[in-house]
Amino acid sequence: MGVKRTSPLHQLRYAVRHPGRIVPHVRRLLRDTWYRLRTRDHVAYYRAVMKSDTARNPEAAVGSQTHKRWLALGRMQFDYLREHGLLPEHRMLEIGCGNLRAGRLFIDHLEPGHYYGIDISPDILFAAQATLVEHGLRDKLPHLMPVRDLTFAFLPDEHFDVVHAHSVFSHSPLHVIEECFGHVARVMKPSGWFDFTFDRTEGKEHQVLREDFYYRAETLIALADRHGLDAVFMDDWEKLPHRQSKIRVTRRV
């Protein structure tokens with residue numbers, strides 16, 4: 001099963017192997033403690049994290065430490081979905097669209113008005129607007145909307161061919177994922193699909209601070225099943241240069 005990432009032994013060993021990362025981790029720990037004390041729930045907590053990160057660097061806020069990596073990760077997501085059936089006429093909902101790392105490519109590929117991007121962080125959506133301007137995508141009329149939860153209550157029934165969430169569940173406690181599973185089928189077309197990535201562990205499920213969550217694939221597949229969804233682990237995604245895993249969910253016939 002191995003040693004949990006949150007255990008003192010693991011953290012001591014990690015510090016010995018990576019001394020240059022000690023100070024950044026301490027800063028992150030102090031920020032985590034501060035936001036825990038000042039926020040009422042996970043959404044408020046993570047909204048505060050994103051506000052802080054976006055103010056420093058919007059691309060780093062979505063997990064890309066360099067512009068080159070930002071471009072590469074966006075391209076990887078786009079190429080994968082296009083190769084797996086994303087068509088220009090599809091309507092797409094991107095959960096946690098961030099500053100449009102992949103969204104700018106989806107928007108360009110899709111017909112005008114067919115892209116809907118939601119995020120819990122208003123600050124990162126301001127950065128998304130700047131991305132639209134920079135890449136000349138205003139005429140594509142994308143919908144960019146802040147949300148407080150994943151119930152999708154304001155979206156119409158059976159509207160989306162594709163739902164996509166990259167690096168969202170890697171930052172979500174299980175009750176947030178379950179909320180999404182409980183409502184996503186309503187907004188998907190019967191033939192639609194929902195792709196999401198997550199941080200996978202083969203050992204004990206755990207979290208690092210309140211920001212990073214590690215799940216077994218079997219846990220998420222079983223949770224989807226309880227909400228009447230069929231889930232398949234996407235083995236071909238594992239071959240790509242990304243540390244997260246991917247599952248595809250469809251409505252049960």
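## Basis of the model

The structure is a predicted model, in which local features need pLDDT of at least 70 and side-chain atom pairs count only at pLDDT 80 or more, while totals for chains, interfaces and linings use all residues. Residues are numbered from 1 along each chain as its sequence is written, and side-chain values use heavy atoms, with hydrogens and water left out.

## The chain as a whole

The chain contains 9 helices and 9 strands (DSSP runs numbered from the N terminus: H or I of at least four residues for helices, E of at least two for strands). Of its 253 residues, 50% count as buried (under 20% relative accessible area, with a 1.4 Å probe and protein chains only).

Among contacts (heavy atoms within 4.5 Å) with a separation of 6 or more, 69% are between residues 24 or more positions apart.

## Helices α3 and α7

Two packed helices are described by the angle between their axes and the distance between the axes. Helix α3 (residues 42-56) and helix α7 (residues 122-134) have axes that come within 7 Å and cross at roughly 40 degrees (lines fitted to C-alpha atoms over the stretch in contact, with angles from 0 to 180 degrees between N-to-C directions). Helix α3 is therefore oblique to α7 (the class left after under 35 degrees, roughly parallel; over 145, roughly antiparallel; and 65 to 115, roughly perpendicular).

On the α3 side the contact is made by R47, M50, K51 and T54, and on the α7 side by P122, D123, I124 and A127. By class, this contact has 4 nonpolar, 1 polar and 3 charged residues (nonpolar: Ala, Val, Leu, Ile, Met, Phe, Trp, Tyr, Cys and Pro; charged: Asp, Glu, Lys and Arg; polar: the others, Gly among them).

H159 lies in the loop between β3 (143-146) and β4 (160-165). Leaving aside neighbours within four places in sequence, H159 is in contact with R91, Y116, V187, M188 and K189.

A polar contact of 3.4 Å joins the side chains of D161 and K189. Beyond neighbours within four places in sequence, the contacts of D161 are E89, H90, R91, K189, G192 and W193.

Notes. Polar contact = N/O pair within 3.5 Å; in protein donor to acceptor, adjacent residues only side chain to side chain.
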